[in-house]
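Subject: Structure handover

Hi,

Here is the structure I promised to pass on. Please open it and keep it on screen while you read my notes.

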Amino acid sequence: MADTQLPEPALTEIRLTAVLHALADPIRLRIAAELAQDQGELACQAFDLPVTKSTSTHHFKVLREAGVIRQCRRGTHRMSHLRTADLETLFPGLLAGILGAHLAEDGRKD
C-alpha cells in the first residue's frame, strides 16, 4: 500500500502569520517540539497529549494547514514530520528560536 500525502500548502503559500498562529498553542508547540526532537516522522498515536483524539486531530490539521508539518497516511497510521527545511528557507532561524525558547521555558518549570 502506497503512502497517501495529505493536503498541505506549497512552499510559496506558507505564511508567517499562519505558522505563528499554529505554534502559539501549547499543544501544537509540544507536537512540533517532539517532532524536532525525534528528527524523523512519528505516528499521531505516538504523542501522549492531554486532549481527546478529535482535539488532537484538530491540532495536527492546524499544523499541517499552516505548513509546519507534513502528514501522510501509511496503512492505518498518519505519519507526521516537521517541515524544518521549508520553514528555514522561508523564515531563517524562526523555528529554531521558537523551539529553543519552548525548551528553555520547560526547563524553568522543573
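One definition before we start: buried means under 20% relative accessible area, exposed means over 50%, and partly exposed lies in between. E8 has a relative accessible area of 26%, so E8 is partly exposed. Please remember that this is a predicted model.

**Salt bridges**

Seven salt bridges were counted. Start with E8. This residue forms a salt bridge with R83, and their closest N and O atoms are 3.5 Å apart. The pair links distant parts of the chain. E8 is in the loop between strand 1 (4–5) and helix 1, while R83 is in the loop between strand 4 and helix 4 (84–90). The two are 75 residues apart. R83 has a relative accessible area of 4%, so R83 is buried.

R83 has another partner. A salt bridge also joins R83 to D86, with 2.9 Å between the closest N and O atoms. Both R83 and D86 are buried.

Now look at D86 and R70. Their side chains meet in a salt bridge at 3.5 Å, N to O. D86 sits in helix 4 and R70 in strand 3, 16 residues apart. Are these two buried or partly exposed? D86 has 18% relative accessibility, so D86 counts as buried. R70 has 23%, so R70 counts as partly exposed.

**Strands**

Strand 3 pairs with two others. Two bridges join strand 1 to strand 3, and these run antiparallel. Find T4, which stands opposite R73 in strand 3. Six bridges join strand 3 to strand 4, also antiparallel. Here Q71 has S80 in strand 4 as its bridge partner. Strand 3 and strand 4 form a hairpin with two residues between them. G75 lies in the turn and has a positive phi of about 65°.

**The nonpolar core**

In soluble globular proteins, nonpolar side chains tend to be buried together. The largest nonpolar core in this model has 25 residues. L23, I31, V68 and L82 have the most contacts inside this core. Helix 1 (16–24), helix 2 (26–38), helix 3 (53–66) and helix 5 (94–109) each supply at least two of the core's residues. Which helix gives the largest share? Helix 2 does, with six residues.

What does L23 touch, once neighbours within four places in sequence are set aside? L23 is in contact with R28, L29, A32, L63, V68, L95 and I98.

**Helix 3**

Helix 3 has 14 residues. From first C-alpha to last, helix 3 reaches 20 Å, close to the 20 Å expected at 1.5 Å a residue. Its buried residues are S56, H59, F60, V62, L63, R64 and A66. They pack against helix 1, helix 2, strand 3 (69–74) and strand 4 (77–82). Just after helix 3 comes G67, with a positive phi of about 90°.

**The aromatic pair**

How many aromatic pairs does a search of the whole structure find? It finds one. The partners are F47 and F60, and the pair is edge-to-face. Their centres are 5.3 Å apart, with 65° between the planes. F47 is in the loop between strand 2 (42–43) and helix 3, whereas F60 is in helix 3. The two are 13 residues apart, and the pair links distant parts of the chain. F47 has a relative accessible area of 8%, so F47 is buried. F60 has 2% relative accessibility, so F60 counts as buried.

**I14**

Finish with I14, in the loop between strand 1 and helix 1. At 4% relative accessibility, I14 counts as buried. Leaving out residues up to four places away in sequence, I14 touches P9, V19, A66, G67, R83, L87, L90 and F91. Take L90 from that list. I14 and L90 are 76 residues apart along the chain, and their C-alpha atoms are separated by 8.3 Å. R83 is in the list too, and R83 is the residue that forms salt bridges with E8 and D86.

Best wishes

Technical notes:
Residues numbered from 1 in each chain as written. Predicted model: local features only at pLDDT ≥ 70, side-chain atom pairs only at ≥ 80, totals over all residues. Heavy atoms only, no water. Core = buried A, V, L, I, M, F, W, Y, C linked by side-chain atoms within 4.5 Å. Buried < 20%, exposed > 50% of the residue type's maximum accessible area, 1.4 Å probe, protein only. Helix = DSSP H or I, 4+ residues; strand = E, 2+ residues; numbered from the N terminus. Contact = heavy atoms within 4.5 Å. Expected span 1.5 Å × (residues − 1). Phe/Tyr/Trp six-rings, centres within 6.5 Å; stacked < 30°, edge-to-face > 60°. Salt bridge = Lys/Arg side-chain N within 4 Å of Asp/Glu carboxyl O. Pairing = 2+ DSSP bridges.
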